[in-house]
Amino acid sequence: MKNPYIWFLSIFCFNIFALNAQEKFTLSGTIYEEKSNETLIGVNIIIPELQSGTTTNEYGFYSITLPEGTYEFIISYIGFSTISKTITLSKNISKNFSLTDAFENLNEIIITENIEKLNLKTPQMSVNKLSSSTIKGIPVVFGESDIIKAITLLPGVTSAGEGASGFNVRGGAADQNLILLDEATIYNSSHLFGFFSVFNPDAIKDLKLYKGGIPSRYGGRVSSVLDIYQKEGNSKQFQGNGGIGIVASRLLLEGPIKKNEGSFLLGGRSSYAHLFLPLFDINNKASFYDLNTKISYKLNDNNNIYLSGYFGRDIFTISDSFENTYGNAVLNFRWNHLFSNKIFTNLSLIYSDYFYGLKLNFVEFDWNSGIRNFNLKYDIKHYLNSNIKLQYGLNSIYFKFNPGKIEPSTPTSGINPFKLTNKYAFENAIYVDAEHKLFENLTASYGLRFSSFLRLGQDQLNIYENNQAVVYNEESRIYEKAEPIDTESFKRRDIIESFSNLEPRFSLAYEMNNQASIKVSYNKMSQYLHLLSNTSSPTPLDVWTPSGKFIKPQILDQFAIGYFKNIKENEYSLEVESFYKEIKNRIDYIDGADLIANNAIEQVVLNGEAKAYGLEVLVRKNEGSFKGWLAYTLSKSEQITKGRTNAEIGINNGNWYNTPYDKTHDISFTGSYELNSKWKFNTNFLFQTGQPTTYPNAQYNYNGITIPSYSNRNEFRLPSYHRLDISANYTPKPNKTNGWQAHWVFGIYNLYNRRNAASISFSENRNTGVNEALRLSIFGIVPSISYNFKF
């Protein structure tokens with residue numbers, strides 16, 4: 001058929017007609033963990049005779065519609081005993097299941113949504129999952145479990161190195177990742193400038209990282225989605241767990257509000273290493289704390305409500321002259337409603353806030369900036385029949401941007417109050433997703449998202465000649481700030497600029513046989529927010545800004561193809577993916593751009609393009625005493641900003657240059673060996689090509705002043721990054737399942753004491769007069785010990 005849209009519509013209609021021709025009934029319900037009544041995400045419900053099935057959604061709900069008959073249903077989830085039930089479908093049936101732990105400590109390395117054969121049939125690709133126990137088993141600096149450090153061991157995911165915030169996916173920037181905690185946006189994922197993540201692994205139930213083939217229910221970022229859900233809390237009995245480490249401790253409590261109907265969860269972490277610094281006559285301090293909360297309540301069989309929140313702060317002080325405070329705060333109310341055994345809905349009201357503050361006592365003024373948003377979401381999952389599942393909904397977000405505010409800290413301060421102009425925006429989207437079994441061995445997922453972005457009125461906006469905030473000086477061949485010719489003011493309800501985009505998504509899975517499949521995907525995405533940063537990784541001082549008259553939204557087109565194979569009845573598995581993506585309107589900076597406290601940021605930025613492509617390989621061992629994975633990524637990430645006219649040379653002479661996130665080779669190995677019930681050993685090795693950077697390549701003297709001349713952008717690289725970590729987990733009483741239970745974790749980070757370069761700077765030796773390169777390294781070898789418990 002010439003028109004592919006007509007072909008897909010024909011197949012769609014044929015499936016509906018064929019299934020409606022038979023009398024059919026629906027089995028639906030929720031799947032729980034037996035011990036705590038915690039709902040389970042991604043549980044497989046399989047009908048072996050039909051070679052088909054479904055999985056539970058984010059709230060543990062499932063629904064499957066089949067012709068009248070008697071079927072065997074297998075309910076399986078890694079770490080839990082498998083249930084086999086024979087059920088006769090002669091009417092609609094609502095049935096809940098509870099799964100029990102197969103072994104208390106079996107919950108080990110799981111890094112894809114499921115490892116059953118059903119996974120080969122689903123069109124979902126470029127997705128990784130990490131369990132909480134996997135994250136806790138990975139050796140990390142100071143022994144503190146870290147979600148962000150854990151995902152950098154997956155293919156296609158890198159970081160800027162030790163002490164660097166955020167993460168990079170498939171050659172993208174850190175601000176191109178959408179990070180969600182219980183559906184609320186997290187704007188800064190790091191504590192202590194990147195040494196730790198803001199996520200308490202004790203409070204986390206499920207984590208998925210989407211790198212490609214991203215469903216249309218997600219939007220607003222162009223590289224990845226990190227979707228994290230907190231536990232709901234134990235509604236059967238009170239329990240707690242925690243840990244005491246070298247630099248921080250944590251405690252999580254959960255229990256019933258009303259048995260089997262309502263539960264609470266309360267978790268906290270805090271560092272305390274700063275308390276000992278005065279003993280060494282060190283006046284500087286760095287600390288963090290965070291709080292996770294959640295209340296869940298089952299109103300009746302068709303209605304559940306959830307109230308969850310997170311609050312975190314970092315505090316960094318230098319003597320009494322400087323204090324830096326920053327952190328996230330989120331609050332989310334959700335209502336699940338079941339209209340029928342085929343229609344599941346969720347309404348979310350979300351508040352997110354990121355605050356950054358400075359107290360500069362030595363100059364007697366305070367500085368603060370941040371971003372705040374209010375979010376309304378409504379999502380509907382519609383299980384039409386056994387071949388077609390729909391998901392559709394809407395999402396509206398109101399943003400308020402505070403670029404910065406200066407206030408005098410004392411009455412005698414000579415500083416005048418100054419406020420950068422607040423910015424406002426409104427982002428809306430509607431979407432539809434369909435997962436469609438076209439034939440026995442061919443399944444498609446397709447969807448469409450329509451997004452719009454309104455830049456709302458603000459107090460003052462500059463006007464420039466020819467509408468260009470950046471001008472090109474042909475004589476000196478450099479870009480310069482344009483001088484405003486006037487300003488204009490708006491009411492809040494006014495629309496300064498508007499954008500809208502259609503974002504199609506499509507993926508296809510072809511099952512070659514019971515052990516192998518090929519998948520392809522395409523997704524188009526739009527990003528309307530930008531993080532202003534000219535460092536290799538985000539810093540708390542970086543400021544978010546919306547698209548508008550001078551900064552255009554980023555537009556992504558990404559293609560991926562993959563081969564997936566289970567080996568030896570899933571004892572081993574192989575995943576190979578290749579991707580290519582292009583991004584329009586990637587923000588770029590003119591030479592010498594000043595980003596801090598800049599009330600006219602449009603004067604130092606230009607819109608460019610970016611592209612990335614690569615090959616990812618993931619080999620896993622899923623069973624036995626030794627489990628683990630080996631990941632390799634070969635990739636390229638580049639950026640270009642051409643001249644706007646023939647007279648302009650563009651950035652970097654209008655040539656492609658490596659982005660700061662370009663890592664040609666990325667190799668990681670993670671392994672876990674269970675010696676016996678008391679001892680378990682973990683290790684991971686990481687190698688990455690050095691980060692691109694710009695070095696001076698010459699110098700000249702002018703009136704006795706030495707002036708460096710720099711190379712092209714990111715023409716050089718830091719030395720390659722690599723390290724080996726090990727840890728040992730000792731459980732004194734492994735058979736104890738009630739009361740106080742404890743285990744010790746001993747670890748060594750960077751076992752062979754590699755001094756990885758965080759940066760290299762150049763200066764003149766005052767004694768010899770010779771220029772020198774100085775390497776800054778964050779960590780050498782770091783031993784750790786932690787005591788973990790539950791009761």
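1. In the charge count used here, Lys and Arg are taken as positive and Asp and Glu as negative, while His and the chain ends are left out. On that basis the protein, which is a predicted model, carries 76 positive and 75 negative side chains. The centres of these two sets lie 4 Å apart.

2. Overall dimensions. The C-alpha trace spans about 90 × 65 × 50 Å along its principal axes. The radius of gyration is 27 Å, which agrees with the value near 28 Å that a compact globule of 791 residues would have.

3. Secondary structure and contacts. The protein contains 4 helices and 53 strands. Of the contacts between residues at least 6 apart in sequence, 66% join residues at least 24 apart.

4. Burial and surface. Of the 791 residues, 55% are buried.

5. The largest nonpolar core. In soluble globular proteins, nonpolar side chains tend to be buried together. Here the largest nonpolar core has 35 residues, and those with the most contacts inside it are L130, I151, F167, F199, L207 and L226. The elements that give two or more residues to this core are helix α4 (147–151) and the strands β12 (177–181), β16 (204–210), β17 (224–230) and β41 (626–640). Helix α4 gives the most, with 4 residues.

6. Surroundings of I151. Which residues does I151 contact, leaving aside its neighbours within four places in sequence? They are L130, V157, F167, L207 and L226. Of these partners, L130, F167, L207 and L226 are also listed among the residues with the most contacts inside the largest core.

7. Backbone at N466. Most residues other than glycine have a negative phi. N466 is not a glycine, yet its phi is positive, at about 60°. The residue is found in the loop between β30 (461–463) and β31 (470–473). Is N466 buried or exposed? Its relative accessibility is 67%, so N466 counts as exposed, the cut-off being over 50%.

8. Backbone at E569. A positive phi, near 55°, is also found at E569, again a residue other than glycine. E569 is found in the loop between β38 (554–567) and β39 (572–589). With a relative accessibility of 59%, E569 therefore counts as exposed.

Methods
Residues are numbered from 1 along each chain as its sequence is written. This is a predicted model: local features need pLDDT of at least 70, side-chain atom pairs count only at pLDDT 80 or more; totals for chains, interfaces and linings use all residues. Side-chain values use heavy atoms; hydrogens and water are left out. A nonpolar core is a set of buried Ala, Val, Leu, Ile, Met, Phe, Trp, Tyr and Cys residues joined through side-chain atoms within 4.5 Å. Buried means under 20% relative accessible area, exposed over 50%, partly exposed in between (1.4 Å probe, protein chains only). Contact means heavy atoms within 4.5 Å. The radius of gyration is taken over C-alpha atoms; the globule rule is 2.2 Å times the number of residues to the power 0.38. The place of a charge is taken as NZ of Lys, CZ of Arg, CG of Asp or CD of Glu.
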